[in-house]
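Please read this briefing alongside the sequence and the 3D view.

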Amino acid sequence: MEIRINGENKKVAGPLTVAELLQELAVDPDTVIVERNLDILNRENHEAQPLEDGDTLEIIQMVSGG
């Protein structure tokens with residue numbers, strides 16, 4: 001399956017959920033916001049959100065500061 005992550009095409013083994021993709025990418029789900037096909041995903045639904053061939057994802061890292 002081919003998806004686009006932060007502007008780069010990437011081939012991943014499917015089927016895959018958003019949570020599984022974040023784990024594969026070694027990304028802490030508590031520190032990011034995921035946008036899939038222009039929709040911001042609720043973090044609680046990452047486990048149940050399947051990815052589909054051709055999806056476009058933006059994974060946005062939250063940064064704290066002051």
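**A buried histidine**

His46 counts as buried because its relative accessibility is 4%, where buried means under 20% relative accessible area, exposed over 50% and partly exposed in between, with a 1.4 Å probe and protein chains only. The model is predicted: local features need pLDDT of at least 70, side-chain atom pairs count only at pLDDT 80 or more, and totals for chains, interfaces and linings use all residues. Residues are numbered from 1 along each chain as its sequence is written, and side-chain values use heavy atoms, leaving out hydrogens and water.

**Around His46**

- His46 sits in the loop between β4 and β5; strands (E, at least two residues) and helices (H or I, at least four) are DSSP runs, numbered from the N terminus.
- Leaving aside residues up to four places away in sequence, His46 touches Thr17, Val18, Ala19, Leu22, Pro29, Val34 and Leu41, a contact being heavy atoms within 4.5 Å.

**The sheet**

- An open sheet is formed by five strands in the order β2-β1-β5-β3-β4, with mixed pairing; two strands pair if DSSP finds at least two bridges between them.
- At the edges are β2 (8-11) and β4 (39-40), each of which pairs on one side only.
- Strands of a sheet pair through backbone hydrogen bonds, either parallel or antiparallel.
- Between β1 and β2 the pairing is antiparallel and spans four bridges.
- Asn9 in β2 is the residue that Arg4 stands opposite.

**The nonpolar core**

- The largest nonpolar core has 13 residues, of which Ile3, Leu21, Val34, Leu51 and Leu57 touch the most other members; such a core is a set of buried Ala, Val, Leu, Ile, Met, Phe, Trp, Tyr and Cys residues joined through side-chain atoms within 4.5 Å.
- At least two residues of this core come from each of β1 (2-5), α1 (18-24), β3 (32-36) and β5 (56-61).
- The most is given by α1, with three residues.
- Leu51 has contacts with Met1, Ile3, Leu16, Thr17, Val18, Leu21, Arg36 and Leu57, again not counting residues up to four places away in sequence.

**Backbone points**

- Most residues other than glycine have a negative phi, and most peptide bonds are trans.
- The peptide bond from Gly14 to Pro15 is cis, with omega near -5°, and Pro15 belongs to the loop between β2 and α1.
- Ala26 has a positive phi, near 60°, in the loop between α1 and β3; Ala26 counts as exposed because its relative accessibility is 71%.
- Asn37 also has a positive phi, near 50°, and lies in the loop between β3 and β4; at 36% relative accessibility, Asn37 counts as partly exposed.
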